[in-house]
Amino acid sequence: MVNMSTSISQEKVISPSQMKLKSRHSQIRRIPPSPKDRKANSNATASARSPRNDEVRSPRASTRRTSSSPRSSPAVHTPTSPKNEAVQKIEPVVQKPRDDDELQIDLQQQMLSSLKEPDASLKALLDVLTDSSATHHRRVNACGAIKTLTLKKSNQVPLVRTAGVVSSLNTVLCTVAATEEERTRCINALMQLCIPEENWKIVYLFPQTAEALARNMADKYPQIRYAACLSTSFLAKKNRKEMASNRILMYAIARVIEVDKNGNLEKKSAKDKKVLTAARLCSLKMLLHLSKERDVAFKLARMESITNALVTVANRMEKDANILCMATLTNLTRHPDNLNHLMFKVPKLALIFVTNVEGSDVECAKCALYALQNLSCDSNCRQELANTANLLGNVTKAAFKHDLPEQQLSALHTLKNLSDDPFNLVTMTNTPGCTATLLALANSSGNGMAQYLACDTLATLSHWLLTLSARKNTKLMGGDKDGGGGSESGAKRVEMGRRTFETSTYQMWT
């Protein structure tokens with residue numbers, strides 16, 4: 001026990017004298033300062049915070065508390081005029097989003113910098129293609145040699161990534177003085193390079209590729225035109241937006257579609273006619289592929305050359321080409337911002353759809369009804385559609401085709417959309433068979449959706465009739481004034497538009 005008591009540290013033991021001394025010190029510290037001391041302290045604080053004679057501090061800097069730690073750096077005060085003491089705010093730098101052209105240029109530069117150098121034999125062939133002093137036979141042989149290299153599948157991907165191959169082909173295709181044989185071999189070589197999916201993006205990134213394709217799509221030789229159209233259709237699968245923005249390329253595609261605009265195909269031989277028709281079919285397939293994307297459809301609808309070409313050749317081509325044409329126009333109506341533009345800026349577009357509704361081809365009729373259904377969704381287009389010749393009549397006939405349920409429902413949707421405009425009430429009721437068809441479908445029990453749409457359309461038309469009749473105004477009826485005498489004796493005020501269920505007779509005996 002003694003050892004435990006002696007182990008206590010002497011520093012923790014406080015004597016009574018030390019406790020009294022500590023209490024005295026604490027009492028002395030808590031004594032409030034005198035008024036003189038307060039004034040002296042305030043003057044010292046003001047002098048310490050006041051700016052120096054050789055510098056001017058901003059109001060914001062004067063309110064800051066500087067840290068006394070060695071890590072804090074002294075504040076730097078920039079001299080400003082006393083009139084402009086506003087605090088300068090540092091605004092964050094906002095980077096603008098880069099547009100598609102800048103991104104395309106960056107991709108092109110990256111691609112060109114990553115190309116590998118050709119070997120000696122290939123470089124000699126490429127030099128012949130770009131050498132203006134080379135003879136015709138040498139250039140033709142060089143074009144043929146490169147075409148032979150592209151026929152091998154294992155060479156197609158490496159050749160595109162070799163410096164000078166695609167650019168040399170584009171140079172020959174863009175040269176006006178190049179002969180038919182040179183252009184034929186170069187466009188066939190470029191077509192072979194466009195077949196692999198790995199090359200679709202990189203080939204279009206080369207300078208002059210779009211120009212080379214556009215020039216040769218308008219070539220007078222059918223084989224060159226077909227090869228250029230086929231090459232473009234390959235590249236369009238991964239370059240939709242870029243191609244839709246290229247007006248020269250779109251104009252060339254429109255010219256290919258209008259190949260028989262003035263009966264030019266009848267002047268060609270059977271072989272050339274077949275090749276030109278195949279080139280047109282290839283271009284229509286490419287346009288259908290481009291129109292399946294929302295942003296591209298918006299651009300195509302405003303390409304006057306494309307829309308006018310499609311309207312011009314509609315119903316004047318072979319069956320497969322007509323289906324592609326109608327499907328492309330239908331895809332353009334899928335964008336809600338295109339409806340007003342297509343209705344009022346593209347002449348005869350609605351007539352083309354009306355003609356195909358009553359046509360013999362089922363697919364073209366279905367596409368036309370889908371397009372009319374989309375156009376009728378825009379409130380600004382409804383009156384124009386209802387006043388189009390034969391539109392309501394052909395749509396009414398399609399609404400009664402029970403053997404084609406897709407066309408029937410699309411036609412009923414179109415009628416329902418048109419009925420939402422009160423100005424179409426007279427037009428629809430005056431159309432022969434429109435009201436009768438709706439009543440027959442409303443009372444049928446076959447297709448439930450068709451019955452619902454017919455009832456909905458009738459209810460909408462009835463609503464407009466009831467709205468026109470129930471105007472809640474009154475009139476004096478039954479007096480001499482009503483009969484033309486001019487007095488109001490015996491007349492009573494009747495509410496107009498109210499159903500009375502009363503019968504009226506003419507001098508009937510009781």
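Trainee: In which loop is N390 found, and is N390 buried or exposed?

Mentor: This is a predicted model, in which local features need pLDDT of at least 70, side-chain atom pairs count only at pLDDT 80 or more, and totals for chains, interfaces and linings use all residues. Residues are numbered from 1 along each chain as its sequence is written, and side-chain values use heavy atoms, with hydrogens and water left out. N390 is found in the loop between α23 (382–386) and α24 (391–399), where helices (H or I, at least four residues) and strands (E, at least two) are DSSP runs numbered from the N terminus. Buried means under 20% relative accessible area, exposed over 50% and partly exposed in between (1.4 Å probe, protein chains only), so N390, at 56%, is exposed.

Trainee: What is the phi of N390?

Mentor: N390 is a residue other than glycine.

Trainee: Where does K348 lie, and what is its relative accessible area?

Mentor: K348 lies in the loop between α20 (339–345) and α21 (349–357). K348 is not a glycine, yet it has a positive phi of about 65°. K348 is exposed because its relative accessible area is 62%.

Trainee: Why is helix α12 described as largely enclosed, and which of its residues are buried?

Mentor: Helix α12 spans residues 209–217, and seven of its nine residues are buried, so the rest of the structure largely encloses it. The cover over these buried residues includes α9 (165–174), α10 (180–193), α11 (200–205), α13 (222–235), α15 (247–257) and α16 (270–290). The buried residues of α12 are T209, A210, A212, L213, A214, N216 and M217.

Trainee: At what angle do α9 and α10 pack, and which residues make the contact?

Mentor: The axes, which are lines fitted to C-alpha atoms over the stretch in contact, with angles from 0 to 180 degrees between N-to-C directions, lie 9 Å apart at an angle of about 145°. Contact means heavy atoms within 4.5 Å. By that rule, the contact is made by V165, V166, L169, N170, V172 and L173 of α9 and by E182, R183, C186, I187, A189, L190 and L193 of α10.

Trainee: How far apart are the C-alpha atoms of S167 and L126?

Mentor: S167 lies in helix α9 and counts as partly exposed, at 28% relative accessibility. S167 and L126 are 41 residues apart along the chain, and their C-alpha atoms are separated by 9.4 Å.

Trainee: Which ring lies under the charged end of R255, and which under R302?

Mentor: A charge sits over a ring if NZ of Lys or CZ of Arg is within 6 Å of the ring centre and within 35 degrees of the ring normal. The charged end of R255 is 4.4 Å from the centre of the ring of Y251. R302 lies 3.8 Å from the ring centre over the face of F298.

Trainee: How many helices and strands are in the protein chain, and what share of its residues is buried?

Mentor: The protein chain has 29 helices and two strands. Of its 510 residues, the buried share is 37%.
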